[in-house]
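Subject: Structure handover

Hi,

Here is the structure for your files. My notes on it follow below.

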Amino acid sequence: MKKTNIFGTGDQRKVNPDWFTGKTWMKVLSEKIKSKDQDIYHVHFEKGSRTKIHQHDGNQVLIGVKGKGSLEIFKKYGTSKSNFKIKRTERIVLNEGDIVHIPAKVLHTHGSIDKKKPFSHIAINILSKKNKPYKTTWYESDFKSSVTEII
C-alpha cells in the first residue's frame with residue numbers, strides 16, 4: 001500500500017499551457033499510489049483558470065476539494081472533427097465535497113469560477129481498457145458558439 005497527500009506544492013507536474021486559460025498545476029496521485037485502473041490527479045486552478053473544451057475516451061469523475069468551480073457541458077453541432085458549432089447545455093457549480101461523473105465523449109470544461117479565488121479538484125480518469133492510454137482531445141474555442149481547431 002502506498003500513501004500520498006494531495007496538499008502542498010511538492011511533486012507538482014507542469015501542465016500543457018495550451019490546454020488551460022490561466023495558471024494551473026497538478027499532482028499525479030495515481031503514480032504515487034501505483035494505481036493501474038485509473039489516472040488520478042489533484043488539479044489546482046489559480047484564480048479564474050479553467051480547462052479548454054475537451055472530451056475523453058473514457059469516463060471521468062471530479063471531486064471538489066477547495067474553493068468554488070464549475071463544470072460546463074456542451075453539445076456539438078456539425079460533422080467536422082475540428083471546426084464545429086457548440087452550445088452550452090449545462091453548468092454545474094462545484095463546491096468543496098461535490099462529486100460529478102462525466103461520461104466518455106462528452107464535450108466539457110471545468111475550473112475556477114471566481115477571478116479572486118483558486119479552485120481545486122480530484123480528477124479520476126477511468127481507463128477504457130487495461131494498459132490502453134487514456135486519450136483526451138483538446139479544442140480551441142470561444143466557450144460560447146464555436147470550436148475552431150484541435151489543439
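I start with the charges over rings. The charged end of arginine 50 sits over the ring of phenylalanine 143, 3.7 Å from the ring centre. The criterion is NZ of Lys or CZ of Arg within 6 Å of the ring centre and within 35 degrees of the ring normal. Lysine 76 lies over the face of phenylalanine 84, at 4.6 Å from the ring centre.

Some ground rules. This is a predicted model: local features need pLDDT of at least 70, side-chain atom pairs count only at pLDDT 80 or more, and totals for chains, interfaces and linings use all residues. Residues are numbered from 1 along each chain as its sequence is written, and side-chain values use heavy atoms, with hydrogens and water left out.

Overall fold. The protein has one helix and twelve strands. Helices (H or I, at least four residues) and strands (E, at least two) are DSSP runs, numbered from the N terminus. The order along the sequence is β-β-α-β-β-β-β-β-β-β-β-β-β. The radius of gyration is 15 Å, close to the 15 Å that the globule rule gives for 151 residues, so the protein is as compact as a globular protein of that length. That radius is taken over C-alpha atoms, and the rule is 2.2 Å times the number of residues to the power 0.38. Along its principal axes the C-alpha trace spans about 45 × 40 × 25 Å.

Buried residues make up 39% of the 151. Buried means under 20% relative accessible area, exposed over 50%, partly exposed in between (1.4 Å probe, protein chains only). Among contacts (heavy atoms within 4.5 Å) between residues at least 6 apart in sequence, 71% join residues at least 24 apart.

Aromatic pairs. Rings of Phe, Tyr and Trp (its six-membered ring) pair if their centres lie within 6.5 Å; planes under 30 degrees apart count as stacked, over 60 as edge-to-face and the rest as tilted. By this rule there are five aromatic pairs. One of them joins phenylalanine 20 and phenylalanine 45: tilted, 6.2 Å centre to centre, 55° between the planes. Phenylalanine 20 lies in the loop between strand 1 (13-14) and strand 2 (24-28) and phenylalanine 45 in strand 3 (residues 38-45), so this pair ties together parts 25 residues apart in sequence. Phenylalanine 45 also pairs with phenylalanine 119: stacked, 6.2 Å centre to centre, 20° between the planes. Phenylalanine 119 is in strand 10 (residues 119-126), 74 residues from phenylalanine 45. Relative accessible area is 7% for phenylalanine 20, which is buried. Phenylalanine 45 is buried at 0%, and phenylalanine 119 is buried at 0%. Ring pairs link Trp19, Phe20, Phe45, Phe119 and Trp138 into a cluster.

The histidine 42 side chain makes a polar contact with the side chain of serine 120 (3.1 Å). A polar contact is a pair of N or O atoms within 3.5 Å; within protein, one must be able to donate a hydrogen and the other to accept it, and residues adjacent in sequence count only if both atoms are side-chain atoms. Glutamine 38 is also in strand 3, but partly exposed at 24%. The glutamine 38 side chain makes a polar contact with the side chain of serine 35 (2.7 Å).

Best regards
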